[in-house]
Amino acid sequence: MRSKVTGAQRWVVKIGSALLTADGKGLDRAAMSVWVEQMVALHEAGVELVLVSSGAVAAGMSRLGWTARPSAMHELQAAAAIGQMGLVQAWESSFAEHGRHTAQVLLTHDDLSDRKRYLNARSTLRALVELKVIPVINENDTVVTDEIRFGDNDTLAALVANLVEADLLVILTDRDGMFDADPRNNPDAQLIYEARADDPALDAVAGSVGGALGRGGMQTKLRAARLAARSGAHTIIVGGRLERVLDRLKAGERIGTLLSPERGMLAARKQWLAGHLQTRGTLVLDAGAVAALSQGNKSLLPVGVKLVQGSFRRGEMVVCVAPDGREIARGLANYSALEAQKIIGQPSDAIVGLLGYMAEPELVHRDNLILV
Ligand SMILES: Nc1ncnc2c1ncn2[C@@H]1O[C@H](COP(=O)(O)OP(=O)(O)O)[C@@H](O)[C@H]1O
Ligand SMILES: N[C@@H](CCC(=O)OP(=O)(O)O)C(=O)O
């Protein structure tokens, strides 16, 4: 029984090109509807779901009647743009049969390394998940060029897992999981059931290149698991063609390869925050807010802040000090310094009236706060 999998509340499910396109013969709609059925069942069981779907280039190639993957970037991008239409149509109509809506989200690496865009993407995805809509994410192949492209959707899926703070990343692929040698040329290769994501011994077994349709291979899946582990997520690499694969994972069955993070989700996040030393401003708290924060596990609301110093943007690190200047905590501000100045001392339900919108009711959320 895998309790970390059965207990996971937020899953990112990534489906690779090799699986989705029935090995190059257009989209495999029958397989898609089988996954959709299982994802809907997960949804009904209260699991929050985000889908990362590859397959745009492969679907576009099949629409255009191309049999070989083009090497010219613009042809690849054109194929992706054409194929993405079919891809999202297929997901939407399949989920619609179960009364579920989907939402198309196209992201680039740049979007996730820019702090403001990162926060915007995070808010949108959170809102979609709350609305019980299934976001279907792919790389925005039209706007990426060589240096900024992900190169593979495994990395994208891991970044999405970090973004939405998923506790489980499920990578569906064309093999039953990660083997101790590339099964293409080692018929005796054994499936690895469990390992620590950071185990260096895994590098040697992951090989390097992917199949004809996908590009990543096991190496990018391993890298993705390590990236996901940074925010405390577990990763499962498992065969997408295994019967009832997602149902069986949810039931705790030992299928696929489970790669575990070193530490839990919140601890990993706080450690990441603690490493972020650059602070951009200071919030001077009132005595009530100092007491609330010191007790632990409380967010900082605008009402408990007396003064805003410095110039910071949404998402940047600020220092929270007591009225006597003593440092209490550090955290990521949900509002810029200019906005914070307008809402401090006010209850959170006044934020919309003061700013014309509300990003979050807290000035600093407790998950983004570390006590000093
Ligand atoms: N140790 C390994 N265990 C399993 N598969 C491996 C291993 N090393 C390399 N591979 C290859 O990685 C391929 C899956 O990667 P890829 O083709 O990128 O698929 P996807 O489109 O699902 O991302 C498998 O078909 C397999 O041949
Ligand atoms: N974004 C592109 C490429 C992604 C890709 O090949 O990824 P994968 O099959 O997961 O290794 C697509 O949808 O075709």
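A pocket is an open set of points, on a 1 Å grid over the protein atoms alone, where a 1.4 Å probe fits and that has protein on both sides within 12 Å along at least five of seven lines, and its lining residues have an atom within 4 Å of a point. The views show a predicted model, in which local features need pLDDT of at least 70, side-chain atom pairs count only at pLDDT 80 or more, and totals for chains, interfaces and linings use all residues. Residues are numbered from 1 along each chain as its sequence is written, and side-chain values use heavy atoms, with hydrogens and water left out.

**View 1. The second largest pocket and its lining.** Of the 14 lining residues, Leu112, Tyr118, Leu159, Asn162 and Trp272 lie nearest the centre of the pocket. Among the helices (DSSP runs of H or I, at least four residues, numbered from the N terminus) that each supply at least two lining residues are helix 6 (109-113) and helix 12 (265-274).

**View 2. Helix 3 against helix 5.** Helix 3 (residues 29-44) and helix 5 (residues 73-96) pack at about 50°, their axes (lines fitted to C-alpha atoms over the stretch in contact, with angles from 0 to 180 degrees between N-to-C directions) being 9 Å apart. The contact (heavy atoms within 4.5 Å) involves residues including Trp35 and Met39 of helix 3 and Trp91 and Phe95 of helix 5.

**View 3. Helix 4 against helix 5.** The axes of helix 4 (residues 56-64) and helix 5 come within 6 Å and cross at roughly 95°. Helix 4 is therefore roughly perpendicular to helix 5 (65 to 115 degrees). Residues in this contact include Met61 and Leu64 of helix 4 and Ile82 and Met85 of helix 5.

How values were computed:
Chains lettered and ligands numbered in written order. Parallel < 35°, antiparallel > 145°, perpendicular 65-115°, else oblique.
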